[in-house]
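Here is a guided walk through one protein chain.

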Amino acid sequence: MPKLRLALLCLFAAPLALADTVHVAVASNFQQTLDKIAAAFKAASGHDIKASAGSSGKLAAQIRQGAPFEVFLSADDERPAELLKAGVGLPSSQFTYAYGQLALWSKQRADAGEAVLRSGRFNKLAVANPATAPYGRAAMETLAALKLEAAVKPKLLTGDNISQTMQFAEVGGADFAFVAYSQLREQGIHDHYWLVPEKMHQPIRQDALQIQATPAANALMAFLKGDTARALMAQAGYRFKP
């Protein structure tokens, strides 16, 4: 009987013993969606996700300097490609997990749209740093497409990443903010925004890159390609084609 009890304990403890934590560098726009994916991933694999969020450019710089991440979820395809070119990351592991959408949002005003940008009837417009944040670059491409770069430049308020950019509008520091549509979806915001036509900027192609070959990282990369993760991404407003 004691031997049987020991065998049963070993049987049920085995999956827990194999469970691990995968350390993920995630673009700020995808953080809330990753939180939901993490719960589903935990249920399916037993592995936990420990995420650090920031702008894609700053996260890539940290990874290049040796930060101990196993998976990088960027908001563009360029930073993962640059890391691979520098010899960082597993060859052939880069893939597009989603395409993001850009939105112009105001907490207080209901006139978010092209017309208000052209009118200039606002004091401050928040954008993420275009040098490090892909959504910030898409915002500047949108202003360029509208030929408003020079007119709007004195009114720009620049955030380190897309989360800080949204905070500027939330606390009243900016009348409008260019944000990720997924941020609005995740927070249950259904009005006061303009979904920017995709023809106004380059596609926001969000790529994943595996940095280290650990069992937990292998499992997460596979999970991100599966139906469960893709359904959660779709609910958050992401697309899978440009």
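## A first look at the chain

In this predicted model, the chain's secondary structure comes to 11 helices and 10 strands. Its C-alpha trace spans about 80 × 40 × 30 Å along the principal axes. The chain has 242 residues, and 48% of them count as buried. Now think about contacts between residues with a separation of 6 or more: 78% of these involve residues 24 or more positions apart.

## Helices that meet

The table sets them side by side.

| Helix pair | Axes come within | Crossing angle |
|---|---|---|
| α3 (residues 56-64) and α4 (residues 78-85) | 10 Å | roughly 15° |
| α2 and α10 (residues 215-224) | 11 Å | roughly 115° |

To find the place where they touch, look in α3 for Ser56, Gly57, Ala60, Ile63 and Arg64, which meet Arg79, Glu82 and Leu83 of α4.

Next, move to α2 and α10. Here, too, the crossing is right-handed. On the α2 side, the residues in contact are Ile37, Ala40, Phe41 and Ala44, and on the α10 side they are Ala216, Ala219, Leu220, Phe223 and Leu224.

## Rings and charges

A pair of aromatic rings is described by the distance of the centres and the angle of the planes. How many aromatic pairs does the chain have? The count comes to five. One of them joins phenylalanine 30 and tyrosine 238, with 5.3 Å from centre to centre and 70° between the planes. Planes over 60 degrees apart count as edge-to-face, so that is the name for this pair.

This pair links distant parts of the chain, since its two residues are 208 residues apart. Phenylalanine 30 is in the loop between β1 (21-27) and α2 (31-45), while tyrosine 238 is in the segment after α11 (227-235). Are these two residues buried or exposed? Both phenylalanine 30 and tyrosine 238 are buried. Ring pairs also bring in Tyr97, giving a cluster of Phe30, Tyr97 and Tyr238.

Some rings have a charged neighbour. The charged end of lysine 155 sits over the ring of phenylalanine 122, at 4.7 Å from the ring's centre. In a second example, arginine 230 lies over the face of phenylalanine 240, 4.0 Å from the ring centre.

Most residues other than glycine have a negative phi, and most peptide bonds are trans.

Serine 92 lies in the loop between α4 and β4 (95-100). Its phi is near 70°, a positive value in a residue other than glycine. The relative accessible area of serine 92 is 76%, which is over the 50% cut-off, so this residue counts as exposed. Serine 92 is 87 residues from valine 179 in sequence, and their C-alpha atoms are 31 Å apart in space.

Histidine 192 is found in the loop between α9 (181-186) and β9 (193-195). This residue is not a glycine either, yet its phi is positive, at about 65°. How exposed is histidine 192? Its relative accessibility is 23%, so histidine 192 counts as partly exposed.

Note on methods:
Residues are numbered from 1 along each chain as its sequence is written. This is a predicted model: local features need pLDDT of at least 70, side-chain atom pairs count only at pLDDT 80 or more; totals for chains, interfaces and linings use all residues. Side-chain values use heavy atoms; hydrogens and water are left out. Rings of Phe, Tyr and Trp (its six-membered ring) pair if their centres lie within 6.5 Å; planes under 30 degrees apart count as stacked, over 60 as edge-to-face and the rest as tilted. Helices (H or I, at least four residues) and strands (E, at least two) are DSSP runs, numbered from the N terminus. Buried means under 20% relative accessible area, exposed over 50%, partly exposed in between (1.4 Å probe, protein chains only). A charge sits over a ring if NZ of Lys or CZ of Arg is within 6 Å of the ring centre and within 35 degrees of the ring normal. Axes are lines fitted to C-alpha atoms, for helices over the stretch in contact, and angles run from 0 to 180 degrees between N-to-C directions. Contact means heavy atoms within 4.5 Å. A crossing is left-handed if the near helix is turned anticlockwise from the far one by less than a right angle, and right-handed if clockwise.
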